[in-house]
Amino acid sequence: MANKFTFYNTLDRKVEEFHSREEGKVGIYTCGPTVYHFAHIGNIRTYIMQDVLIKALEYAGYDVKRVMNITDVGHLSSDADTGEDKMVAGAKREHKTVMEIAKFYTDAFFKDFDAVGNKRPDVVEPATNCIPEFIHMVEVLLEKDYAYVAGGNVYFDTSKLDDYYVFSSSVEKEALEVGVRDDVEEDVNKKNKTDFVLWFTKSKFEDQALKWESPWGVGYPGWHIECSCISMKHLGEYIDIHCGGVDNIFPHHTNEIAQSEAYLGHKWCNYWFHSNHLNDQSGKMSKSKGAILTVSVLQEKGYDPLVYRFFCLQSHYRKPLVFSWENLDNTVTAYNKLVKRVSELKAEGAVDEAVKAEYEGKFLDAVSNDLNTSMAITVLYDALKADTNDATKLALVESFDKVLSLDLIGHAKALADAGSSVDAELEAYINDAIARRAEAKKAKDFATADAIRDELLAKGVEIKDTREGVVWHLV
Ligand code: AMP
Ligand code: ZN
């Protein structure tokens with residue numbers, strides 16, 4: 001029986017207790033990256049928080065299946081279907097083909113995704129793999145009269161829905177309506193301002209690289225259709241949780257719901273989990289804005305990617321997080337202290353199961369309370385201070401790291417090994433110095449012998465001549 005688990009459901013605009021459709025099992029869909037450029041550390045924050053959600057659900061006893069798409073076609077420079085395809089623009093920028101760009105940035109994405117301790121999704125599917133599924137969904141939407149063809153493109157007709165703005169309060173709806181109305185580039189083919197493209201055949205950009213045959217002519221899919229189809233392909237007609245960053249709420253997730261529920265004829269997903277953005281001091285981080293700060297760049301600058309994960313876990317996923325080097329440096333200090341503390345634990349004695357269960361309960365309470373990761377870290381610190389033996393503490397660190405994924409034990413071992421190799425090096429040096437001093441004394445070169453003794457002392461090593469030979473100790 002899985003434990004009680006709560007998080008903020010954007011659909012109902014409140015923190016809710018989670019109930020999976022199937023006892024003990026969770027189907028999760030997460031919108032993947034658009035692979036026209038590197039994923040910045042803001043994007044990676046979103047994937048870290050999703051990873052923590054999944055691992056926390058597993059910690060609570062659920063069996064989780066996660067599916068993620070890779071957007072390699074159809075995402076235009078504006079989320080409202082205007083502008084150039086981001087992939088095409090990326091390919092032009094780098095004088096490469098769209099597929100070369102997609103491969104390069106998908107690999108780069110997963111390098112950073114893995115480096116911050118994330119578990120790979122069970123299924124990763126690029127949009128370009130699923131064109132027949134997209135065409136099928138568009139056909140069904142046309143048959144059901146939820147879509148129409150105009151000016152060569154196929155559009156979803158949002159006026160057919162009772163409640164298109166499913167995520168928004170009435171005040172937010174008004175603001176969104178104004179926003180959509182004021183959208184600079186107007187598409188005259190649209191019957192309603194909020195209608196969106198399911199399939200393009202008319203592109204203003206003649207060099208649209210990726211195109212496929214379809215009943216409506218040669219063209220390419222709109223952006224939103226991929227997530228509906230890819231999730232249904234691997235998770236069936238229902239998903240438990242759909243994840244993304246807050247910028248995905250409108251229009252992307254709003255449109256996903258519109259077309260999925262129109263297609264299926266029933267509710268599609270019960271819980272929507274959105275994490276907030278990482279901002280730099282000048283505002284929201286964005287791929288199209290100047291130099292991109294990636295996890296790999298952090299690594300090149302000497303930061304452990306897990307320190308960045310620790311940085312993210314210290315704040316709540318629903319709050320914007322401001323990145324600064326000073327904050328990251330403070331996190332380095334905190335992480336190193338934590339690792340040092342863990343490295344001092346000795347794996348001796350038997351684990352006190354009662355104490356272990358008590359702290360595991362506290363940890364689970366924290367993560368299942370709207371994913372309170374900073375509280376979970378406090379529980380870790382409390383466990384390290386607890387009145388119990390080291391074996392129990394080590395067992396707790398190992399247990400909590402199933403969710404935190406900070407590799408605390410691995411890093412602690414590395415620290416201990418580095419410490420012992422330094423000791424070995426020091427010992428070899430001391431023995432060599434003692435031997436050199438003995439040689440000097442034998443040759444009656446007392447000045448050199450004294451200099452070697454002083455040299456050792458400067459390194460914190462004091463030597464004494466005894467009847468048993470030279471002995472040394474650290475001062
Ligand atoms: P994209 O590759 O642009 O489609 O974005 C990948 C994911 O990162 C999406 O779920 C976005 O919502 C999310 N995202 C975009 N910008 C930020 C940001 N500054 N901070 C956190 N997440 C972001
Ligand atoms: Zn999506």
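## Close-up views of a predicted model

**View 1. The zinc ion (ligand 2) has an irregular donor arrangement.** The 4 donor atoms around the zinc ion (ligand 2) subtend angles of 73 to 129°, which makes the arrangement irregular. For a tetrahedral label, all angles would have to lie between 85 and 135 degrees. The model shown here and in every other view is predicted. The protein donors are Cys31 through SG, Cys227 through SG, His252 through NE2 and Glu256 through OE. They lie 2.0 to 2.5 Å from the zinc ion. Along the chain, the donors follow the spacing C-x195-C-x24-H-x3-E. Cys227 belongs to helix H6 and His252 to helix H7, so this pair ties together parts that are 25 residues apart in sequence.

View 2. The structure holds 0 disulfides. Cys130 is in none, and the nearest cysteine sulfur is that of Cys229, 7.6 Å away. A disulfide would need the two sulfur atoms within 2.5 Å. Is Cys130 buried or exposed? At 1% relative accessibility, Cys130 counts as buried.

**View 3. A parallel sheet of 5 strands.** The strands form an open sheet in the order S7-S4-S3-S12-S13, and the pairing is parallel. Strand S7 (123–126) and strand S13 (269–275) are the edges, and each pairs on one side only. Neighbouring strands are turned by 20° against each other on average, direction ignored. Inside the sheet, strand S3 (residues 25–30) and strand S4 (residues 63–70) run parallel and are joined by 6 bridges. One residue to look for is Ile28, whose bridge partner in S4 is Arg66.

View 4. Helix H6 (residues 225–235) touches S3, S4, S7 and strand S12 (239–245). The direction of H6 makes about 145° with that of S4. Helix H7 (residues 249–264) packs on the sheet as well, touching S12 and S13. The direction of H7 makes about 165° with that of S13.

View 5. Most peptide bonds are trans. Which residues does the cis bond join here? Phe250 and Pro251 are joined by a cis peptide bond, with omega about 0°. Pro251 is placed in helix H7.

**View 6. An antiparallel sheet of 4 strands.** This open sheet has the order S8-S9-S10-S11, with antiparallel pairing. Strand S8 (147–150) and strand S11 (220–221) are its edge strands, each pairing on one side only. Strand S10 (residues 196–200) pairs with S11 over 2 bridges, in the antiparallel sense. Trp199 stands opposite Pro221 in S11.

**View 7. Lys202 sits in the loop between S10 and S11.** Lys202 is found in the loop between these two strands. Lys202 has a relative accessible area of 56% and is therefore exposed. Lys202 and Tyr220 are 18 residues apart along the chain, and their C-alpha atoms are separated by 9.3 Å. Leaving aside residues up to four places away in sequence, Lys202 touches Gly151, Gly152 and Asn153.

**View 8. Two loop residues with positive phi.** Most residues other than glycine have a negative phi. Leu371 has a phi near 50°, a positive value. Leu371 lies in the loop between helix H11 (353–367) and helix H12 (373–385). Lys444 has a phi near 55°, again positive. Lys444 is placed in the loop between helix H14 (408–442) and helix H15 (446–458). Lys444, by contrast, has a relative accessible area of 62% and is exposed.

Definitions and conventions: Residues numbered from 1 in each chain as written. Chains lettered and ligands numbered in written order. Predicted model: local features only at pLDDT ≥ 70, side-chain atom pairs only at ≥ 80, totals over all residues. Heavy atoms only, no water. Pairing = 2+ DSSP bridges. Axes fitted to C-alpha atoms, helices over the stretch in contact; angles between N-to-C directions. Contact = heavy atoms within 4.5 Å. Buried < 20%, exposed > 50% of the residue type's maximum accessible area, 1.4 Å probe, protein only. Donors = N, O, S within 2.8 Å, 3.2 Å for Na, K, Ca; no water. Tetrahedral: all angles 85-135°; square planar, octahedral: opposite > 155°, others 65-115°.
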